[in-house]
Amino acid sequence: MTAAARPLTRRLPRGVRQLLVALPFLAPAIVLFGAFVFYPLVKSVYLGFHITDPFGHNETFVGFEQYADVLGSSEFASSLLVTGTFTLYTVVPAIVIGTFLAVLANQRLPGIVVFRTIFSSTLAASVAITSVLWLVLLHPTIGPLNEFLIDRGLADGPLLQDGGWAVGERATAFDLFAAWFVDPNWALISVSVATAWMNIGLFTVIVLAGLQTVPDELYESARVDGAGRWSQFWHVTLPLLSPTLFFASIVGMIFAFQSFGQIDILTDGGPVDATNVILYSLYQESFQNFRFGAGSVQALGLFFILLLLTLLQFRFLAGRVFYRR
Amino acid sequence: MSVAIRWLRRIPTYALLIVCAGALMFPLYVTFIYSLQPIEVFLEGPPSLWPSNPQWDNYFASGGAVQDTSLPRYLLNSTIMAGVITIGQVVTSALAAYAFAFLRFPGRGVLFIVFLATMMVPLEVAVIPNFQTIQWLNWTDTYQGLVAPFLATGFGVFLLRQYFLTIPTELKDAAEIDGHGHLRFLVFVVVPLARGALATLAVFAFLQAWNQYLWPLLVTNDPDMRTVQIGIASETQNLDQINVAFASTLLAFAPMVLLVVAFQRYLVRGLFGGALKG
């Protein structure tokens, strides 16, 4: 503000003057949020009211019809069920394992930092990297798991025959039939195992942080009372850890509902929609079938689910956060 | 003697720790071992997990990941994308957080809630209109298309405001603020004091940007504009070079492992929205 301009702004009401100072600081974020957060929400509602031709053009207004059609369809119900199952499979085992590893790595021992780092490291893995690792591990012809099962005579179940080759008959060339990801009974479990592996690091980090808040004196008095390790964990650690575990499961659920990459890389939503989670189905509708309207309705459905979960997460954080001023 | 006994007692604990670490790292180990094998080995089924002659050809020799694939280009694209997103988020968040923490203006409370509300709309929900916007701007296959939706986050504003609020207002009063003075105060006083919070945001932004999959998949078609995540996923489709793809996968993973190991403290703080003293 130059000296000449100052008298002019002095004459403005105080609120306006304050806004003039604050606006330059807020403007970049406001513009970006407007363009990439709020406008898309409004646009999604608009798109939901319209259907388009196979090229994504020539919108026709259909009102709430499309909302009712999509949200009431058996496909949407099935993708909700798949997403819910996927959430259960990825969050519960990963939290149990993550808690176990965090408690194990929370001891005071020389070199424990190395183990803490290893246990947390899968946090760094992206969905693409995780997918490649598990594609290899579960690969029917070059993966170690199937070899292990075959060597022990465990692999004559239907799961491998669905992969297109018979037990005992080694494929000679690359036969990209990843049976675990192709078998309708195993595909969702296999994708979930890969995702759970990726989540273990995240949950270990969260639980390790939660364990720091458990006072040492509590363990000491438990020991004085003659409590063993298991009893200490059950009666001291777990109750004090429960808010952390609640937070971890909300974070895990949010992640699960946003899962896309592993489905795209490993199964393409198949076989027969066995792994077709909401986001993948939204992607197919919008970017393969160019039905942006139907995709937008699914996006809004996903929005309300995530909204609920995020509000729960906020409630947890608000309990911990310390506000001043 | 007592020292020896103490160590003997610890053996089962260490054994358990090592077994757990081994089990968790097994997927990485397999891919690593496979990345050290020539392609012929895979024609005879699963390679041995204790290879007799590992070799680094898939990484560095001609035909390997570093020399003869698009990996360097993918890594460059990911670095530029994640770098710009990180800088963008730190700058826009610091500016907005400053206004919320240090300035008084009408509607401040409401606007802050509006900013917080953006955290409830992840990209996944807004992906269709955002894709259309990028198309309309003719930004497909460009860096600006890759970064634009991620340059501001409610999380960043929230995290930094939390920290800024702990900075005593007396510092600001002492700085005798006029219009320009606010920016100077932010850059020379607040930013140095809030280094930890800024680092938390930066580490989070970089990790998330580097690892994202859906958005780069949608807005890039040109192989030269692909990020490393899309790149490795498509390289595994090429079975004649699958061993090189394994090498690429590990090379794409390595930078994030280093980031997480080096900045773990900041990551923990970020996960709890700055609510924990990390």
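Visitor: What distance separates the centres of domain 1 of chain B and domain 2 of chain B?
Guide: The centres, taken over C-alpha atoms, are separated by 34 Å. This is a predicted model, in which local features need pLDDT of at least 70, side-chain atom pairs count only at pLDDT 80 or more, and totals for chains, interfaces and linings use all residues. Residues are numbered from 1 along each chain as its sequence is written, while chains are lettered from A and ligands numbered from 1 in the order in which they are written.

Visitor: What makes these stretches of chain B domains?
Guide: Domain bounds come from an automatic or database domain assignment, and for chain B they give domain 1 (2–65) and domain 2 (70–271).

Visitor: How many residues of domain 1 of chain B are in contact with domain 2 of chain B?
Guide: Contact requires the C-beta atoms of two residues, placed from the backbone, to lie within 7 Å. Eleven residues of domain 1 of chain B are in contact with eleven residues of domain 2 of chain B. On the domain 1 side, α1(B) gives the largest share, three residues. By class, that side of domain 1 of chain B has six nonpolar, five polar and no charged residues. Here Ala, Val, Leu, Ile, Met, Phe, Trp, Tyr, Cys and Pro count as nonpolar, Asp, Glu, Lys and Arg as charged, and the others, Gly among them, as polar.

Visitor: And which helix of chain B gives the largest share to the side that touches chain A?
Guide: 78 residues of chain B are in contact with 82 residues of chain A. Helix α1 (residues 2–34) of chain B gives the largest share of the chain B side, 13 residues.

Visitor: Why is helix α6 of chain B called bent at Pro129(B)?
Guide: The bend is the angle between axes fitted to the seven residues ending there and the seven starting there. At Pro129(B) in α6 (residues 123–136), that angle is about 45°. The helix itself is a DSSP run (H or I, at least four residues; strands are E, at least two), numbered from the N terminus.

Visitor: What makes Pro129(B) buried?
Guide: A buried residue has 20 or more other C-beta atoms within 10 Å of its own; 12 or fewer means exposed, and in between partly exposed, with C-beta atoms placed from the backbone. Pro129(B) is one of the buried residues of α6(B), including Ile128(B) and Phe131(B).

Visitor: Where in chain A is confidence lowest?
Guide: pLDDT is the predictor's confidence in each residue, from 0 to 100. Helix α8 (residues 158–161) of chain A is lowest, at a mean of 40. Where pLDDT is low, the predicted coordinates should not be read in detail.
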